[in-house]
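Me: I have this model open on my screen and would like to talk it through with you. Could we start with how the strands are put together?

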Amino acid sequence: VQLQASGGGLVQPGGSLRLSCAASGSILYINKMSWYRQAPGKQRELVASITSTARSNYADSVKGRFTISRDNYKNTVYLQMNSLKPEDTAIYYCNADIKTAIAPILDYWGQGTLVTVSS
């Protein structure tokens, strides 16, 4: 199983970005999908998560600005980020709990995509 994240980049404060993360491999089903981020010198933190039934959860720092969604047919999770602030600058990682044909539900991580918010 692989998670491929994309969509990061440089954006000005107040701007928007949309991150995508596609899971591939011998996937039977995916439970929770999440986005984490890690800023320089800080610990990795949960940004948002979404269950297979589309129940979502957000960090207080991004509520009202970020929206997590998923396409179960494409095994893809998205993070729409609006009203970006310099403090949102970080490497963003996707994470998913995935059941394959040959293994129990395991926790998988994507490679990370850099988001830089700067003028």
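Predicted model: local features only at pLDDT ≥ 70, side-chain atom pairs only at ≥ 80, totals over all residues.

Me: How many bridges hold β9 and β10 as a pair, and in which sense do they run?

Reply: β9 and β10, the latter spanning residues 103-109, pair in the antiparallel sense over 5 bridges, and within that pairing N95 has W109 of β10 as its bridge partner.

Me: Which other strands pair with β9?

Reply: Strand β4 (residues 27-38) pairs with β9 in the antiparallel sense over 9 bridges, with I30 standing opposite I98 of β9. Strand β11, residues 113-117, also pairs with β9 in the antiparallel sense, here over 3 bridges, and Y92 stands opposite T113 of β11.

Me: Is β9 mostly covered or mostly open?

Reply: Strand β9, which runs over residues 90-100, is mostly covered, since 10 of its 11 residues are buried.

Me: What about the largest nonpolar core, and which residues have the most contacts inside it?

Reply: That core has 32 residues, and those with the most contacts inside it are W35, L79, M81 and Y92. Several strands give two or more residues to the core, among them β1, β3, β4 and β9, and the largest share, 5 residues, comes from β9. As a general background, nonpolar side chains in soluble globular proteins tend to be buried together.

Me: What does M81 touch, leaving aside its neighbours within four places in sequence?

Reply: With those neighbours set aside, M81 is in contact with G15, S16, L17, L19, R65, F66, Y92 and V115.

Me: Why does L28 count as exposed?

Reply: L28 counts as exposed because its relative accessible area is 54%, and the cut-off for exposed is over 50%.

Me: One last thing, which residues have a positive phi although they are not glycines?

Reply: N75 is one of them, with a phi of about 50°, and it lies in the loop between β7 and β8. S83 also has a positive phi of about 50° without being a glycine, and S83 lies in the loop between β8 and β9.

Me: And how exposed are N75 and S83?

Reply: N75 counts as partly exposed because its relative accessibility is 23%, and S83 counts as partly exposed at 42% relative accessibility.

Key
Residues numbered from 1 in each chain as written. Heavy atoms only, no water. Buried < 20%, exposed > 50% of the residue type's maximum accessible area, 1.4 Å probe, protein only. Helix = DSSP H or I, 4+ residues; strand = E, 2+ residues; numbered from the N terminus. Pairing = 2+ DSSP bridges. Core = buried A, V, L, I, M, F, W, Y, C linked by side-chain atoms within 4.5 Å. Contact = heavy atoms within 4.5 Å.
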